[in-house]
Amino acid sequence: GATVEVVAPEIAPALHTLARRNRRLTLRVRPYASRSLCVGRSLYASRNLAPYALVFAATDARAVNRRVARDARRAGVWCSIADDPAAGDFHVPAVVDRGAFQVAISTGGASPALAAALRQDLEDRLGPWYSAFATALRAVRQRILREIADPALRRRIFARFASSALRQRLRRIAAPRLLATRLLAEAKKIVRAQRQVAKPRARRQ
């Protein structure tokens with residue numbers, strides 16, 4: 001994983017706790033050099049940002065964020081600007097992370113606040129069950145691809161797996177292995193139905 005360095009005059013206690021648990025997270029709690037740009041309580045001195053792969057300017061002072069972005073560009077490093085995404089080199093979508101199941105939400109920089117609000121809405125609706133369901137789907141999908149050669153039949157099976165009706169039926173099953181068993185049973189039903197349709201056609205020929 002990435003090594004992350006956070007630089008700020010003040011850092012929340014929760015972030016200190018996270019840093020103690022993760023050696024890849026480094027906290028720099030300090031004011032910057034005396035020639036720093038000072039806006040309210042935010043301090044920033046021009047720094048050599050070349051050693052970094054990505055830079056995120058996320059202070060509550062727009063002037064500081066712009067200075068960070070300029071320094072990053074001089075160093076040839078991509079920078080994301082929290083309060084002005086359009087002026088940055090990239091922006092990060094809000095993500096609902098359910099392990100094997102993830103949803104990214106972006107407004108293209110138009111409103112990060114809306115993206116965050118929508119993420120919260122989806123987190124409330126898409127609970128941990130979706131992680132187990134996605135894990136089961138991954139395992140079953142590989143088996144379907146190996147054993148069923150007909151692309152049209154595979155599409156029918158995968159469409160059934162994703163249907164709202166089937167998801168509602170399986171919501172009470174939390175274990176990925178049991179979910180996979182039920183999905184395979186559903187696939188076999190579709191295969192049997194396909195064979196029953198094909199037999200009369202073969203007889204007429």
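This is a predicted model: local features need pLDDT of at least 70, side-chain atom pairs count only at pLDDT 80 or more; totals for chains, interfaces and linings use all residues.
Is Glu147 buried or exposed? Select Glu147: at 53% relative accessibility, this residue counts as exposed, because the threshold for that class is over 50%.

**The whole chain**

Seven helices and eight strands make up its secondary structure. Colour the chain by burial next: of the 205 residues in the protein, 29% are buried. Among contacts with a separation of 6 or more, 42% involve residues 24 or more positions apart.

**A nonpolar patch on the surface**

With the surface still displayed, select Leu54, Phe56, Trp78 and Val92. These four residues form a nonpolar patch, and their accessible area together is about 450 Å². Centre the view on Trp78, which is found in strand β6, residues 78-81. The relative accessible area of Trp78 is 54%, so this residue belongs to the exposed class, for which the cut-off is over 50%.

**The nonpolar cores**

Hide the surface and turn to the interior. In soluble globular proteins, nonpolar side chains tend to be buried together. Here the largest nonpolar core has 22 residues. Select Val140, Ile144, Ile157, Phe161, Leu170, Leu179 and Leu183, the members with the most contacts inside this core. Four helices each supply at least two residues of the core: α4 (129-147), α5 (151-162), α6 (164-170) and α7 (176-204). Another core lies apart from this one; it has 11 residues, including Ala57, Val68, Val77 and Ile81.

Leaving out residues up to four places away in sequence, Phe161 touches Phe133, Leu137, Val140, Ile144, Leu166, Arg167, Leu183, Glu186 and Ala187.

**The aromatic cluster**

Six aromatic pairs are present in the structure. In the pair of Trp129 and Tyr130, the ring centres are 5.0 Å apart and the planes stand at 85°, so the arrangement is edge-to-face. Trp129 and Tyr130 are both buried.

Move to Glu186 in helix α7. Is Glu186 buried or exposed? The residue counts as buried, at 7% relative accessibility, because the limit for burial is under 20%. Apart from neighbours within four places in sequence, Glu186 is in contact with Arg160, Phe161, Leu166 and Arg169.

Side chains of opposite charge can pair when their charged atoms come close. The count of salt bridges in this model comes to six. Display the one between Glu186 and Arg160, with an N to O distance of 3.0 Å. Because Glu186 lies in helix α7 and Arg160 in helix α5, this pair ties together parts that are 26 residues apart in sequence. Arg160 is partly exposed, with a relative accessible area of 25%.

Lys189 counts as partly exposed, at 45% relative accessibility.

Finally, select Glu147 together with Arg143. Their side chains meet in a salt bridge of 3.1 Å, N to O. Both residues lie in helix α4, four residues apart, about one turn of the helix. Arg143 is partly exposed, with a relative accessible area of 31%, whereas Glu147 is exposed at 53%.

Methods:
Residues are numbered from 1 along each chain as its sequence is written. Side-chain values use heavy atoms; hydrogens and water are left out. Buried means under 20% relative accessible area, exposed over 50%, partly exposed in between (1.4 Å probe, protein chains only). Contact means heavy atoms within 4.5 Å. Patches are made of residues with over 30% relative accessible area and no salt bridge: like charges are joined within 9 Å, nonpolar side chains (Val, Leu, Ile, Met, Phe, Trp, Tyr) within 5 Å. Accessible areas come from the Shrake-Rupley method with a 1.4 Å probe; for residues, only the protein chains shown count as cover. A nonpolar core is a set of buried Ala, Val, Leu, Ile, Met, Phe, Trp, Tyr and Cys residues joined through side-chain atoms within 4.5 Å. Rings of Phe, Tyr and Trp (its six-membered ring) pair if their centres lie within 6.5 Å; planes under 30 degrees apart count as stacked, over 60 as edge-to-face and the rest as tilted.
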